[in-house]
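This briefing covers selected features of one model, grouped by topic. Please read it alongside the sequence and the coordinates.

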Amino acid sequence: MAPTAVSFTPMLESGRINIRMNSKNELVRMPNVYLPIPMTARIKCMRSCHALIDIEFVRLFQEKMAGILPKNKAKGVDFCGVNSNYYIIRSDLGCYMFSTNFHRGQNLTIHNLHPSCRGGDHYLALDDKTFYIIKGNSYRRVSDMTRDIDSAVFNLHPNCRGGDHYLSAYGRFYIIFQSRGVYRRTTDLSKDSDGVEYTLHPNCKDGLYYWGTKRYSYFVKPKGQWGVEYHKTDNLHKDADAATFSIHPDVLNFLPGGLAETQGPAFGKWELIKTIFNDSETPIEWNKKITRKVGYTKSKSSSLEHNWKVAISATYEPGDLIKLLSKFQFSMSAEYGGSSVNTENESWEEATEVEESVNLTLQAQAKLYVWQYKLGFGEDDVLFCRDLRFDDEPNPPADIPLPAANNLALAGYNSTQEGHYSVLSRFHYLWKKMAGILPKNKANGVDFCGVNSDYYIIRSDLGCYMFSTNFHRGYNLTVHNLHPSCRGGDHYLALDDNTFYIIKGNSYRRVSDMTRDIDAVVSDLHPNCRGGDHYLSAYGNFYVIFQSRGVYRRTTDLSKDSGAYECTLHPNCQDGLYYWGTKSHSYFVKPKGQWGFEYHKTDNLNKDTDAATFSIHPDVLNFLPGGLAETQGPTFGKWELIKTIFNDSETPIEWNKKITRKVGYTKSKSSSLEHNWKVAISATYEPGDLVQIISKFQFSMSAEYGGSSVNTENESWEEATEVEESVNLTLQPQAKMYVWQYKLGFGKDDVLFCRDLRFDDEPNPPADVPLPAAN
């Protein structure tokens, strides 16, 4: 039998891999050829041996892949450990994996990462209740990364800054400076106590990630002959008591680049789904429904996380995490097993059979080929793209019908190296640029007040208020109606559990119950107590804060200004967004900082004594104007390409199709944001209604506060459903048609699918926003 040539043709690099099949049906690689790393590849097989060729293709490419993404290219990804508990932090995904054995894949559990613990440059653990998150030149110490408990922030000592890796082992801290080939050991990161440097052993210099326990140091080794492994040693200088272990596939799947290691490198290729030949001398009419798969192989892909236990607190549904990891894997470069494509606009719903009616006249001796693009890992199909391509050439199209992964680069934003994680990088860039929640001077009717250990957030604009016993831990969150007579206040404060004050203009209303407006009395403010930026009650007194002057006025009576005097606000206490007080402390929400949103507690606004700072629980942030963008990510509005029709042939094609798309609001998913809120019987909101109204408000806000400045009132806010529209058109030879739909969302999640479709013959999304501007 004559040898059969099989070519692997890289589309973005020169060169070719030549493999021949000999008379024994053995694959033989030809000499003097090299294996370039392609962005994507196309396989041309000259005989029926696809399965065998695909296996060899996967093996050759896996040998050349660099493995998992190293720490210096994967912001927010890190390892840490304590005794026999190990953690992989995926701050980019908002979660972390716990395990008792990375080699055996034991007790794999996914937990949420508290918003204040995300975005770290490095993560390490001293013991089971002491975790460190390093960000820039400071670090946050917490006892629980899911709840941000017992948080405290410190500055790194100058000698402890700029490390490539940080770990804790043997009860000490280690800072690895890989470029210098040394590590620094210290007992205190803020003081550099007992600091000393040692040379890294040659075996320990090239780790991708480092972590430690009470007895050992560990690091992930660069990919070698036996795949991705981690190394254990009790001395990074001498590499004593050393051993090397493979990483369990269920652990690898959680790492950036890991899916390509366990499943095979990503591929993208055109699949020939239909061929029409007219070998006669007579034109023929061809009317047929073409059936193909469209979507994501969810049920199959979800099995990759079947050994992961998702903690109750985590927000991911079964299969969601692998879906997100798959998107990222496809976006990565071929060096790390990706395809450098952005798949956000494809359907990531469960793959289903879709029909399209095609009517055409095939001329004598003509041929027509119908192609569909698909993506996968190794030998398995993962994502079937929506669009068909009609062509009269037998070779697959040469282009990739998906945008490049780094197309999301923004003005003023540099995407990460080689397009890695462009979606996440965009998210982090926007999040850093956001000012955060709307301050009181821009949020009429929004305020805080407190009594003893009871705290309130007033949303007069929504006609309700939230009660809590702890804003940091999100305890006892209950939403109550605000009586109509108690709405529209400029300021709200509380003297005790039965005495609330609503200030409006130059007068105030005192009530014993804000839901029922009981015992209402109206009084005038004393002239000295008017015009304050904030009002609070603390220690049995009233405080009026004049921020522009940097002072506060204390009085025992707002109508008489009894026992009044003014004091300067301590510099730490001058820039609060909202202020409130209790019998023993004053509080204020700080402007957004390096660690997100926090509130400050002090027993003296003049001296800032007995002070402490706490993060705000995500379920509390969700209730604040601008809070959804902080917990879920900034809003986005974009045109989604839901259908493309290409006719690359010389034959006009009549195309009849029902276009199916979603229209409406992802109510069931969005309602989960308020699952920890108890809505009091008296409140008028049904489950999900409150987050829907808050979502509308968030979309209307400016980009500075995570919004899109659009009015969505005229869109459908009913539960999103599949809607069909029949489209009939004749596509001329060499013509293209693009069908677009506008959608809105938060962070990475779609929230609102707008009604209208847009048909265009241009491949770029429309430039306009099809929604009215918010007032």
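A polar contact is a pair of N or O atoms within 3.5 Å; within protein, one must be able to donate a hydrogen and the other to accept it, and residues adjacent in sequence count only if both atoms are side-chain atoms. The model is predicted, so local features need pLDDT of at least 70 and side-chain atom pairs count only at pLDDT 80 or more, while totals for chains, interfaces and linings use all residues. Residues are numbered from 1 along each chain as its sequence is written, and side-chain values use heavy atoms, with hydrogens and water left out.

- Glu598 lies in strand E41 (residues 598-602); strands (E, at least two residues) and helices (H or I, at least four) are DSSP runs, numbered from the N terminus.
- Glu598 is buried at a relative accessible area of 10%, where buried means under 20%, exposed over 50% and partly exposed in between (1.4 Å probe, protein chains only).
- The side chain of Glu598 makes a polar contact of 2.7 Å with the side chain of Arg140.
- Ser91 sits in the loop between strand E6 (85-90) and strand E7 (95-99), and is buried, with a relative accessible area of 4%.
- The side chain of Ser91 reaches the backbone nitrogen of Gly119 at 2.5 Å.

**Sheet E17-E18-E19-E20**

- This open sheet has 4 strands in the order E17-E18-E19-E20, with antiparallel pairing; two strands pair if DSSP finds at least two bridges between them.
- Strand E17 (209-212) and strand E20 (243-246) each have a single partner strand, so one side of each is left without a neighbour in the sheet.
- Neighbouring strands are turned by 20° against each other on average, direction ignored; axes are lines fitted to C-alpha atoms (for helices over the stretch in contact), and angles run from 0 to 180 degrees between N-to-C directions.
- Strand E18 (residues 217-220) pairs with E19 over 4 bridges in the antiparallel sense, and Phe219 has His231 in E19 as its bridge partner.
- Strand E19 (residues 229-233) is likewise joined to E20 by 4 antiparallel bridges; Lys232 stands opposite Ala243, and Glu229 has Ser246 as its bridge partner.
- In E19, 5 of its 5 residues are buried: Glu229, His231 and Thr233 point one way, and Tyr230 and Lys232 the other.

**Sheet E35-E36-E37-E38**

- A further open sheet of 4 strands runs in the order E35-E36-E37-E38, with antiparallel pairing.
- Strand E35 (534-538) and strand E38 (565-568) are its edge strands, each pairing on one side only.
- The twist from one strand to the next averages 25°.
- Strand E36 (residues 541-546) and strand E37 (residues 551-555) run antiparallel and are joined by 5 bridges, with Tyr543 paired to Arg554 in E37.

**Cavities**

- On a 1 Å grid over the protein atoms alone, a cavity is a set of points where a 1.4 Å probe fits but cannot get out, and its lining residues have an atom within 4 Å of a point.
- By this rule there are 9 cavities of 30 Å³ or more.
- The second largest cavity has a volume of about 70 Å³, a volume being the space filled by probe spheres set on the points, with grid points joined across faces, edges and corners.
- Its lining includes Trp270, Glu346, Tyr373, Arg389 and Phe646, and strand E26 (residues 380-391) gives the most to this lining, with 4 residues.
- The lining of the second largest cavity divides into 7 nonpolar, no polar and 3 charged residues; Ala, Val, Leu, Ile, Met, Phe, Trp, Tyr, Cys and Pro count as nonpolar, Asp, Glu, Lys and Arg as charged, and the others, Gly among them, as polar.

How values were computed:
On a 1 Å grid over the protein atoms alone, a cavity is a set of points where a 1.4 Å probe fits but cannot get out, and a pocket is an open set with protein on both sides within 12 Å along at least five of seven lines; lining residues have an atom within 4 Å of a point.
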